[in-house]
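Have a look at it first, then read the questions.

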Amino acid sequence: MSSESIHGYSDRISVSSGQRIRFMVSAEGGTSYRADIVRLIRGDTNPKGPGPKEELIETSISNEYPARYQPVYAGSHVLIDDPAQLLNLGIAITLHAFIMPTTAGKGAQGILARWDPELRMGWAMVIDEQRQLALWIGDGVGHSLRVAAPTPLLDNVWYSAGTSYDSSTGRAIIDLRPLVNSVNSLVGPVAILPAPITHETITQQIKFSAESQMVFAGWASGSSATGATIVDGHYNGKIDRPCVYARALGAAEFDALATGREAGGVGPIARWDFANEIASSSIASDKVTDTSGNNLNGRCINMPARGMTGHTWAGRSEHFIHAPAEYGAIHFHDDDLEDADWKPDFELEIADSMRSGAYAARLRIRDAIDYIPFFVRPVTARPTAKIAFLAPTASYMAYANEHMGVGAGIEAIIGRTAVVQQQDLYLYEHPELALSTYDVHSDGSGVCYSSRLRPIPNMRPNYRHETGSLWGFAADLDLVGWLEAKAYAYDVITDEDLHLEGTTLINSYKVVITGTHPEYYSSAMLDALETFLIAGGRLMYLGGNGFYWVTSYFPGKPHLIEVRKGEGGSRAWQARPGEYYHSTTGERGGVWRNRARPPQKLVGVGFAAQGFDYSSSYRRMPDSRDHDTRFIFDGVPDDELIGDFGLVGGGAAGHEVDRYDLSLGTPANARLVATSEGHSDSYQRVVEEILFTYPGAGGTQDPGVRADIVYFPTLGGGAVFSTGSIAWCGSLSHNNYDNNVSRITANVLDHFMADDRLPST
């Protein structure tokens, strides 16, 4: 394997003329690298296809750049601002928090710390190497102490955790009390748990000082090249209502804190209530508020999970706005990442001459190459074509850096040996690049946030999915290549644009075309497409399993999405009870079908089955011969199989397929013009439709396992054409784009581009 390596990301994914986009790069194995801008037309390297194609664009950034390595510092935590040094305590201290550790045995982890690990200076309440709650104290000149509770902590159990130290007497106390009710922990109150412990000892008399920044869920260990605080000792688990006293509490006072009462006497110097930011609908905030009056406020780094059940959760309310006092926890992970925080290497201003399309910064260092994709869109409200390709960037983000291809059990899901790419191996070797919403954190909890401000090696024009076929961004270039080959004028817009701008973005287009897998959709995006169709717009849904997962963007941070996988849906993990509501918007997560917005209502078809061994073909149905639908099949013989060829599994109907279903909202006037056949038993009906397990749910026996092609007109002269298959666009290029899948797609697009009002029946 080559020793060279180069990876990067951009600060934006969608730009228009006059706007600027910055690129961050990390390179190893050489002294310089080459950067160019290319327009991407095709990405598939499959020898059965037309091959990859890109166009070099002359820009000001085309140059050699110094190679430098830029590290990534993953792990979520909270940094506390203390400009008056109120927490620089040197005589006595008490640290208290409610905690639920999730990997207590992984090594030393900071809970509340103002600790310099090199100088052994400051103070920290930690979980030590023996799974024990411990207090660390040090003066930075050779005097330090460590005191720990004798009983190890259990994972996924809530505790009242307290430590205190008085330097004038040398007295140290560790107070640890399990706080388990019927619902808040992994085990219930009938389980035998360690008895409450108040471990008191007399030790060294150390007048300690603390100059490092205070951290929740780790400790500060230095500064990055950008000046950011580097944190080590990351904690996995929840923290609820931490506080600091400038005096040493005793056993009776710890008992009061454990039961939610005041300790008595002088109050805390700082008390943080993580539920304080809960507003009327969400807690989309990075802020952590000190309610003591001393304004020792903080900010979350790398997006720990909020809207999480705390130690007082009683299981009666599932939404944090209904019981905010029960949602006072933040869940931290050592593999969270919001922003890689690299220094920029170069910046590009989008010239008027750069037509709308898919582009990338192409990076080369010796034999290594990387692409940083981005899209050039037209200036707002100034379309340059009748057609808009709506790039499903929310879905790209949801799958960003997915690790399923190197995980156990993937062969059982895809029905074949997994194909592992160099990008997959790189991600496996570099967990600091963080995870996708298809992965679980190191503590087993699901990944509910995903950011694009990091290298995303599996979002590249030539990346192949574990099934061996293209997926996501790379697969959507098959559609871009077809539009180019057929000389259609088109603009490219993105999910992010649609979410932020709504129908204003698309109402000047005659036709909007989706990508192959627009799975992740926000309510704003659904509303925009509905409004577009009602107003006479035409939509071509050329994919499968679309409009499926409820997705939200962090307000003011379009680089960050949230997904909470609920009880239904084909899911790699499921949110824990009480944690189905999005912290970013306050809406319930899960699949849109369970929010009464199944895809059938919008596009006539919805997710029916998945299978990855091979793709099949379609056969025309009687509706295809009606007067209003004949145009779809102009030039296609009546008895010809549709799409019995292609680069995705060998056919046009496959991978994930959608079905016409009147019971789920397919409009009554929708025409079922073709349906797939010949799927294997590796294709199984989606789990949300299986109320009881029974044999015969595979593709050879279950008629519900199929892809349907549907057409229907809408109010206002609009129309929808849906192919119901991820594999459809992989068949467009067959026989140099001369095939029935290509012809049908062109027939519909030409018809939709016409200015005539379409029949409404």
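Buried means under 20% relative accessible area, exposed means over 50%, and partly exposed is in between (1.4 Å probe, protein chains only). This is a predicted model, where local features need pLDDT of at least 70, side-chain atom pairs count only at pLDDT 80 or more, and totals for chains, interfaces and linings use all residues. Residues are numbered from 1 along each chain as its sequence is written, and side-chain values use heavy atoms, with hydrogens and water left out.

Q: Why is tyrosine 33 called buried?
A: Its relative accessibility is 1%, and the limit is under 20%, so tyrosine 33 counts as buried.

Q: What makes tyrosine 65 buried?
A: Tyrosine 65 comes in at 14% relative accessibility, so it counts as buried too.

Q: Why is phenylalanine 692 called exposed?
A: Its 68% relative accessibility has to be set against the cut-off of over 50%, so phenylalanine 692 counts as exposed. You'll find it in the loop between strand 40 (684-685) and strand 41 (708-713); strands here are DSSP runs of E with at least two residues, helices are runs of H or I with at least four, and both are numbered from the N terminus.

Q: How many aromatic pairs are there?
A: The count comes to 27, where rings of Phe, Tyr and Trp (its six-membered ring) pair if their centres lie within 6.5 Å; planes under 30 degrees apart are stacked, over 60 edge-to-face, and the rest tilted.

Q: Why is the pair of tyrosine 33 and tyrosine 65 called stacked?
A: The ring centres are 5.7 Å apart and the planes stand at 25°, so the pair is stacked. Tyrosine 33 lies in strand 4 (residues 32-42) and tyrosine 65 in strand 6 (residues 63-66), so the pair ties together parts 32 residues apart in sequence.

Q: What makes the pair of tyrosine 399 and tyrosine 520 edge-to-face?
A: Here the centres are 6.2 Å apart and the planes at 90°, so the pair is edge-to-face. Tyrosine 399 sits in the loop between helix 2 (393-398) and helix 3 (410-414), and tyrosine 520 in strand 32 (residues 520-521), 121 residues apart.

Q: Which residues do ring pairs link into a cluster?
A: Phe23, Tyr33, Tyr65, Phe346, Tyr359 and Phe374 are linked this way.
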